[in-house]
Amino acid sequence: MRLSRYFLPVLKENPADAQIVSHRYMLRAGMIKQQAAGIYSWLPLGFRVLRRIEEIVHQEQVRAGHIPLLMPTLQPADLWRESGRYDDYGEEMLRIKDRHGRDMLYGPTNEEMITDIFRSHVGSYKDLPLTLYHIQWKFRDEVRPRFGVMRGREFLMKDGYNFDVDKESALHAYNRHMVSYLRTYERMGLTAIPMRAASGPIGGDNTHEFLVLAQTGESEVFYDDRVTTLKLGARDIDYDDRDQVAKVCEEFTTLYARTDETHDEAVFTQVPEDHRKVGRGIEVGQIFYFGTKYSEPMGAVVVNDKGERVPVHMGSHGIGVSRLLGAIIEASHDDKGIIWPEGVTPFPVGIVNLKQGDAAADAACEGLYLALKSKGLEALYDDRDERAGAKFATMDLIGLPWRITVGPRGLANGVVELTSRRTGESEEMSPEAAVARVAEIYAGR
Ligand code: 5CA
């Protein structure tokens, strides 16, 4: 993408109403525009990151054996009357009437609708296990929408629903989600810690939230700091292997880690004092096992291997896709701007032409741009007629992890400069070597 032809409405001033750094940087970097309280347009740069995050979520769900579909944002109220949640859900639910006076709502979550799909088409244990998920916009009329996309009213969520013949199988689905989520967050450059939590309006006793530690987080968290060093890494997971998956979950949930809702001071004081930490965290996902809470009232039953009709055991599993942009920026930035992890960056690399209009510099930049493209890497090429300082400031603000700087002086010696946004370190090398290095960094992503 050539910056002169892109739409990147960068703001020079700090927006006064943005209280936390991720919100400020998302506005300043031209990623989002607020349209109403808690409702945003996704401008091209923000949209690219959002799509990238969705892609990682999809890949890891499919890897775990889960099946994507797409349900609508608007739902008939009658489905929610069947589960009893239409009255329970309260003011957070946006209720709408259509022209025929029928009660509709903008979905805050999809347990009822997915249960309806299931009961219409599945009747035998032989069709189980089954996990269906989608990535779709939700609406919750939050009392205090704030911090930009972090607590929106309209927000993008991945929500998945498992259907199993018994509790044991449903708990395996729960564990499978936990492991696939750990991998998902790690690919985004995040450490998200599963913490015992409370289930709220979704229901059930078994639930974990995934929290990214950050001072600006809305949840108070209590943890043994040794959990922050656990990594899933590149280990091979067989998602059908119940024991292997359960062992990974045990590894990640044995050390003390709880939100204030489930915190138990007596248990916490057993953690060695130098490992006992109290902090704040951003909730980027939550998984639930709630058994037959929806399948019983809604009649989602299957015939089991003994010929009995039994309600299916279910759970639901959510990732805050749009919230993740804020969480990643909170975890990865400096005073100049965002520092995107390679896994989610909107462009893998930026090219800065120090002297636009200089024949050699222009040609070298074009050459780099095309060479990167031929390797499947779309660079953001700053080809504007701007001062070098302004170009660097824009690149630092939007946070591409790598920058190639091209100027007549370097070119006279046959070199360009490759700079890491994270460390600020630069290295001179030939343009070919720079392309090869960037390609190597992104190989396999
Ligand atoms: N049905 C279940 C799981 S699919 C559910 O709705 N879970 S949830 O309420 O925990 O939401 C899932 C995730 O969506 C949360 O962990 C959080 O990351 C994100 N989320 C929830 N509310 C908001 C909001 N107002 N703005 C942005 N993200 C949100």
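Phenylalanine 222 is buried, its relative accessible area being 9%. Keep in mind that this is a predicted model.

**Aromatic pairs**

Across the whole structure, a search turns up 12 aromatic pairs.

| Ring pair | Centre distance | Plane angle |
|---|---|---|
| Tryptophan 80 and tyrosine 89 | 5.6 Å | 85° |
| Phenylalanine 222 and phenylalanine 268 | 5.8 Å | 85° |

What does the phenylalanine 222 and phenylalanine 268 pair tie together? Phenylalanine 222 sits in strand β11 (residues 219-224) and phenylalanine 268 in helix α8 (residues 265-268), so the pair connects parts that are 46 residues apart in sequence. As for the other pair, tryptophan 80 is buried at 0% relative accessible area, and tyrosine 89 counts as buried at 10%. Ring pairs also link Tyr181, Tyr185 and Phe210 into a cluster.

In soluble globular proteins, nonpolar side chains tend to be buried together. In this model the largest nonpolar core has 69 residues, and Met31, Ile53, Tyr185, Phe210 and Val284 have the most contacts inside it. Helix α6 (residues 167-187) gives the most to this core, putting in seven residues. Where does the core lie relative to domain 1 and domain 2? Both domain 1 (3-338) and domain 2 (349-442) give residues to it, so the core lies between them.

Take isoleucine 53: leaving aside neighbours within four places in sequence, isoleucine 53 is in contact with Met188, Val321, Leu324, Leu325, Ile328 and Val344. Apart from this core lies another, of 26 residues, with Met113, Leu132, Phe163 and Ala300 among them.

**Buried or partly exposed?**

Aspartate 382 belongs to strand β20 (residues 380-382). With 0% relative accessibility, aspartate 382 counts as buried because the cut-off for that is under 20%. The side chains of aspartate 382 and arginine 384 are joined by a polar contact of 2.9 Å. Beyond four places in sequence, aspartate 382 touches Leu3, Ile351, Asn353, Gln356, Lys391 and Met395.

Leucine 255 is found in the loop between α7 (242-253) and β12 (257-259), and at 24% relative accessibility leucine 255 counts as partly exposed. Not counting residues up to four places away in sequence, leucine 255 touches Asp224, Arg226 and Val227.

**What the record says**

An unreviewed UniProt entry lists residues 38-341 as "domain: Aminoacyl-transfer RNA synthetases class-II family profile". In the model, that span is 31% helix and 31% strand, and its end C-alpha atoms lie 26 Å apart.

Note on methods:
Residues numbered from 1 in each chain as written. Predicted model: local features only at pLDDT ≥ 70, side-chain atom pairs only at ≥ 80, totals over all residues. Heavy atoms only, no water. UniProt positions renumbered as here; feature names shortened; annotations may be inferred. Helix = DSSP H or I, 4+ residues; strand = E, 2+ residues; numbered from the N terminus. Buried < 20%, exposed > 50% of the residue type's maximum accessible area, 1.4 Å probe, protein only. Polar contact = N/O pair within 3.5 Å; in protein donor to acceptor, adjacent residues only side chain to side chain. Contact = heavy atoms within 4.5 Å. Core = buried A, V, L, I, M, F, W, Y, C linked by side-chain atoms within 4.5 Å. Domains from an automatic or database assignment. Phe/Tyr/Trp six-rings, centres within 6.5 Å; stacked < 30°, edge-to-face > 60°.
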